[in-house]
Structure formats: structure tokens, C-alpha cells
Amino acid sequence: MSMDRNTFLEVDEKLSQTIYRAFYTGSVINRKEYMTSQAQFVESKIYLEIRQHENHYIQLYRHLGYELIHDEEGEFFSIKLIAESESEDAVFDETSLKIIAILTLISRIMTQRGQPLEFLGQPVQGITGNDVAALADEETTSAIFKALKLKTPIDALEFIKKRGFAFRISQSRYVLSKGAMTMIDTLIEREKELSSSVN
Amino acid sequence: MAGSITNKQFSTLETLQRLLRYREVMFKTIEFADINHAGAIPETVFYSFVIALKDQLSDEQANEVSLVFDVDNLLQSRIINDRRNVDGVTKLLFNTSVFEVFRLCRVSLYRPLTKVSLNAAMTPLWSLMRQVKRGKLSTTPGTDDYLEWVDDLVYRVSDLLGKIRANIAKLQNVGVEFEKSAIADPQGYSQLEVKRESYNMAAKLYQREIDPLKVFLDKHTRYEEGDGIFLTLGYFRSFFQTINDTSRAYLMLSYEVQYLDLFSPIKQVANQVSIYLQKTQQSLHEHSAIDRAYSVVLAAFENTLGGDLRNKFIDMSDLKSLEVSVQCPALGRIAPFRTEKSPSFLDVAFNELATRVQSYAPENSEKVLLSESISKEAAKKLQYSQRLARWVDNFDWPLNKDFLALAHKELSQEWPDFKLPDLFEVQSRLINSPNYQLELRNEYQKMVDDVYELQYRVRHLVSLSNQQTEVK
């Protein structure tokens, strides 16, 4: 913080609290959030708040021992503990692995049907009640969810929703966030590299 | 002329009419010849098609079919050019003009126009152009020489035009099919292998037929060997203009326009198929990417399926190969607790607890208490050492003997997993035993196994109950 101006006076106190609460509950902050009332994705106020006062928030969370990270592709903010040493705990993030495992199981339903994965990020398609039923019906998939400490596919969707990687559109329909789609894209890009290195 | 079928042979016209009536046989024959890249087909194969047809017909019709498709009849009516024995197989060589007639009747039988065949079609045109340029052909309209080469030119240009039109019709059908499957989501496409095969087929078609034709019909195409069709036609048009043959110049212009008209349909087909290819390739990547990720998740899950009740949940480190660069906020976790939660700390604590609990356990219990909380390795070691202790306690130890040698002898025979260091445990158990006292001798011994060598001073056991005296 510079000596001549106090950035705390410039930021929105209420929004800053909302941001802290989101991070505290383990959620990322997405640029676009699905608004059920408007039935579409809208720009998030708190995302804009961070963008506008990025230096302030970087400083704030650094003082708390965290690094504020912006994911350019997935368009979201997250924070990461500043590790004192590169201990083994810091090497991988269990939550993100759990999320990618859930996304894998959901995506598999689509690829098995020959549907493009981009549907998962479109509110008109997303993950439907039928998809949820299909996930629950498949014995192995259902057992894998349990082994991931998730009782049902709905629990799994709620798990990623709570962390800002999905939104609920209606009673039984969800849509993935851009961040989640980026995670899936990473898998696909990796596959493309693999197949081009084979050929 | 039909009617009576007592005649054994039909004229060419009559035979052709009947071949067209029973055209399935010829279609199958052409398909077979195309697949095998052979102009000749084995007689047996041909007759299997005829017999298959006859099965569906009335007796009278079947009789007619027998007569028409009789080899002698086909030979005399010049439908078949030759019947020849090749490597012990009798083969029928069909007249290619007859084949062409049947190809006309079915789009799927059109000969593919590949780069090679397009090139072959252009070669005579280039040759004519060269000769005109060199002044080797007559340039006087109305003369026989002039009419001859000009007729040849017109024949070739219109023949090629016809072939291209036919092929575009065929490719348009294919294009529409592929476009449909790029948009739709038929169940049949869910299989990765099926999808891959269809993709390869489309890719081959695109590369072999669609793209060369698209290039061929492009206005500005030039080949290594000569100009493309438009530039060639343009050359002849201006040539005819210079010699004032306006009707031929006009004819060339009209061909140019007709060829030009074919460009947009082939471009449309090319677009349809390339959209299909792009979408399918993306879908193939998606499919195999997700399959690969799923196999990682499945393997991690299968690790939890063993008999070990501690492994109910997936070990997240098994999923490491899925790692993506995305970070989830970890603000909720409070840092100072981390050390206490670390697996190594907990392992030590639980091993210690298990060992202590075990020493209070009933003597002959096989079960390791707290086995769920310690590692499998540690539980095994604990069990082994318990078994050893029980054996020491129950063994009938003779007094005044080298008990280590005795224990070694007994244990190495009875226990397959016995190792020399176990003797230390035996000795320490006996030292702590309330029944015996150890007596040191001035004698040294050595024991060797594959791994260890043990040198020790011989000790004897002295019973405490019988002899209360303490020996040095």
C-alpha cells in the first residue's frame, strides 16, 4: 500500500465482505454468474469489484497469507495459500482433483451419447434431470461418487456448485461455469497434444 | 420381341433390355468389380448373384433369367468381352460400355473422379492445346482435319462435364449424410470405434475425391503439367475467336459457364464434409480425452475395492495425473492444524497406540487391535512379533543348552518367514520371562543365513523356580 493513499477507503466494504465470505466458503469468484431470475449469465459485481481494485485485493490477501490468482481462461478469481516451503501438501490441491473427477463422470455421459461437451456450459442444455438419473443408474459411476465421499450425483453437482464451478438453473438442471469448462478443455487439449505426438 | 423364350439367345438390344429389367445383378457385379479393383469377376461370384435373384422370381421369370445370363448368350450379345481362365479361376470380362450404362442408373456406382483420373481427363486436352500452339493442327474452319480435332475436343470436354456432374450428384448425397450426422446425435455414433471409422471414411473421401474436384473446378487452378480446365477452355475460346469461328468460341464460353456452375455445389459439399470432419475430430478428441480421464478415476476407485476396510474412499493422490492448473480457494482451512493432521504424524501416533494396546491384549489373540488405524505393514509386523512371543512362551525349553541354537533350529524348520534377527526377540522375551535366568558361557558361536550373520556368546537357561542362585 502506498503511503499517501489508503486503498481501503476506495473499495466497497460490503463487496469486500462478500468476496471474503465466498473465498472462506471455498468458492471461486466467477466473472459470469447464472441468474435464475433473469434466466441468463450476468456479470458478477464482486468479480468487477476485484478487477477494479485488483492491487488492493492482491495486497489484502497477501497480508492474510494468500496469493490472489486470476484464471484468464476460466475467467475467475481464486486464492492460494502462500506456502512457506514447497511441502508435499502444497503440490496438489485435493478439491480441484475432486472437481475434475466429478467433471469427468459428468462429461462421460455426454461423450457416450455422442453429444458435444460444450452443451454442458450452455444454459439451454446443461446437465438435465435425465443426465442426473443416468449418472445415478450406472452402478460403477454411482459407486465412484460414493468413493469420492459424495452420496448422490446431486451431491456431486452441489459440491461443484458450492465451489463456483456450476450453477443451478432449475430444480433439476445445472450448468457448468466457464472455469469448469476450462478444466474440461485442459483434458481435451492434453489429449490433442498426445494424439499429435503419436501421429 | 420378348414373348417366346424358347430361343436360346437374344440380340444385344434384347439382352440389354432384360439386363436392365433384372439390373440388381449388374449392380452387384459392378460393385464387386469396383471393390476388388478388377474389370473381370469370377464366374462363380457372378452366378451367385444370378441365383440369388432367381430365388425371388416366379418360375417363368427365373427361366428367362437363366437364358439371359447364360455366358454364351452374354458372349454372343457382346455384353461380355471374354471368358478367361486366370490362375485356375474362370473370370468374365465385361464390356466397359455396358458397365457405364449401369453406372448411369445408380449414383453410388459412379466412378470416383480422383486426382489421377482428372489428370488423365485433362491430358488429351493439353495435348491438343500444345499441338494448336505449335501449328500442327488445321486452323481452317470447315476442313475435314479441322472438324476432326475440334469434334474430339468438344467430345472430351462434354464427356468430362458429364462425369463431373454425375460425381457431384453422388458427393452431394454423401455431403448431406455427413452434415446430418454432424448435427444429429444418433445412438449409433456413441461408439468411439464407429465414429472413428466414419471419420476416416469421410477424411479419405474428402482427400481423394472432394478436394481434387474442388481444386479442379477452381477458376485459377494450374497444374504442373498444364492449365486447369478454365484456363484451357479460355485458351481455346480465344483461339476460335482469332480464326473467326464464332460458333465454336461461343460453345467454349458456354462450357466455361457450365463448369463454373459446378463450382458452388462442390464447394458446398466440401464445406459440409469439412464441417463434419472438424466436428467429428473435436468429438473424437473429447471422447478419448474423457475416456482417458475416466480410466484414471476408475483405477483410483478400483484401489478402494480391496478387502481392506480402511480404503473406503478414493485416495486423492491417485488422481494426480488429472491435475489441472486450477486452484480452489483454501481460506477455510486453518493453517496451524496442518502439522497435527499430517499422515506421518498420525501414523506414528497410531502405531504407538496399537503396540501398547497389543501388550495388554489377551495372550492368544490373533487379532491385532486397532488394526484399522495403522498401516497394513505395521499390523503385519505386530502380528508376527506376537506369534513369536507366544511360541517362546509355549515352547518347552530344555535347561543348560544353547537355547539360541535350539530356537534357530526349531524356527527355521517350522516358520517359512523366520529370519535371524528374530532370535533377538526370542532372547529378550526369555530375559523378561519370570521362569528363567540366562547363564553366560565362555563359548562363541556363529550362525549364517542368506542375509545375516550372527555371532554370539552362548547362553544357557537356568530355571528360576528350581535354582534361586545367581550365576554370574
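Analyst: A:Tyr34 stands opposite A:Phe41, which belongs to strand 3 of chain A. The model is predicted, so local features need pLDDT of at least 70 and side-chain atom pairs count only at pLDDT 80 or more, while totals for chains, interfaces and linings use all residues. Residues are numbered from 1 along each chain as its sequence is written, and chains are lettered from A and ligands numbered from 1 in the order in which they are written.

Strand 3 covers residues 40-43 of chain A and pairs with strand 2, residues 32-35 of chain A, in the antiparallel sense over 4 bridges. Strands (E, at least two residues) and helices (H or I, at least four) are DSSP runs, numbered from the N terminus; two strands pair if DSSP finds at least two bridges between them. The hairpin of these two strands of chain A has 4 residues between the strands, and A:Ala39 takes a positive phi near 55° there.

Now for the wider setting, the contact between the chains. It takes 50 residues from chain A and 33 residues from chain B, where two residues are in contact if their C-beta atoms, placed from the backbone, lie within 7 Å. Among the elements of chain A that give two or more residues to this side are helix 1 (13-24) and helix 9 (178-198). Helix 5 of chain A brings the largest share, 15 residues. By class, the side of chain A that touches chain B has 22 nonpolar, 15 polar and 13 charged residues. Here Ala, Val, Leu, Ile, Met, Phe, Trp, Tyr, Cys and Pro count as nonpolar, Asp, Glu, Lys and Arg as charged, and the others, Gly among them, as polar.
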